[in-house]
Amino acid sequence: MENCLFCKIINGDIPSTKVYEDEFVFAFNDIEPQAPHHVIIVPKIHISSANDINEENSKYIAHIFEIIPKIARDLGFAENGYRVINNCGKDGGQTVSHIHFHLTGGRQFGWPAG
């Protein structure tokens, strides 16, 4: 998607601070972190939201959940815990129409989210 912010970041058209990359996934530091560690993890194919996960693309989402603990371990906060967040649609707080997951850690989180 040529106008997608995250597709532009994946393609290197917009700079980011890369945390992890492989053939399926790109992860980078959030520019407005909500915790000491705040990583955005996106599939390298354009999937608009959780509503668009299907048999053909679900391997990308599964892979994201396989690498989340690796990123948390590499950044040193896996043992104490972390939060994984996905916003879906306007009412769910999704601001970029490319499915993405926020991996946050380095502090204790309360409930409700915050």
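Analyst: Let me begin with two terms: two strands pair if DSSP finds at least two bridges between them, and helices (H or I, at least four residues) and strands (E, at least two) are DSSP runs, numbered from the N terminus. This is a predicted model, in which local features need pLDDT of at least 70, side-chain atom pairs count only at pLDDT 80 or more, and totals for chains, interfaces and linings use all residues. Residues are numbered from 1 along each chain as its sequence is written, and side-chain values use heavy atoms, with hydrogens and water left out.

User: Okay, what is the bridge partner of His37 in strand 5?

Analyst: The partner of His37 there is Gly105. Strand 3 and strand 5 run antiparallel and are joined by five bridges.

User: And how many bridges join strand 2 to strand 3?

Analyst: Five bridges join these two strands, which also run antiparallel, and Phe28 stands opposite Ile40 of strand 3.

User: Why is strand 3 largely enclosed by the rest of the structure?

Analyst: Strand 3 is largely enclosed because six of its seven residues are buried, where buried means under 20% relative accessible area, exposed means over 50%, and partly exposed lies in between (1.4 Å probe, protein chains only).

User: Which residues have the most contacts inside the largest nonpolar core?

Analyst: They are Ile41, Ile64, Ile71 and Leu103, in a core of 16 residues. A nonpolar core is a set of buried Ala, Val, Leu, Ile, Met, Phe, Trp, Tyr and Cys residues joined through side-chain atoms within 4.5 Å. Strand 2 (25-29), strand 3 (37-43), helix 2 and strand 5 (101-105) each supply at least two residues of this core, and helix 2 gives the most, with six.

User: Is Ile71 buried or exposed?

Analyst: Ile71, which is found in helix 2, is buried, with a relative accessible area of 2%. Leaving out residues up to four places away in sequence, Ile71 touches Val19, Tyr20, Ala27, Val39, Ile41 and Leu103, with contact meaning heavy atoms within 4.5 Å.

User: Changing topic, where is Phe65 found?

Analyst: Phe65 is also in helix 2 (residues 58-75), but at 44% relative accessibility this residue counts as partly exposed.
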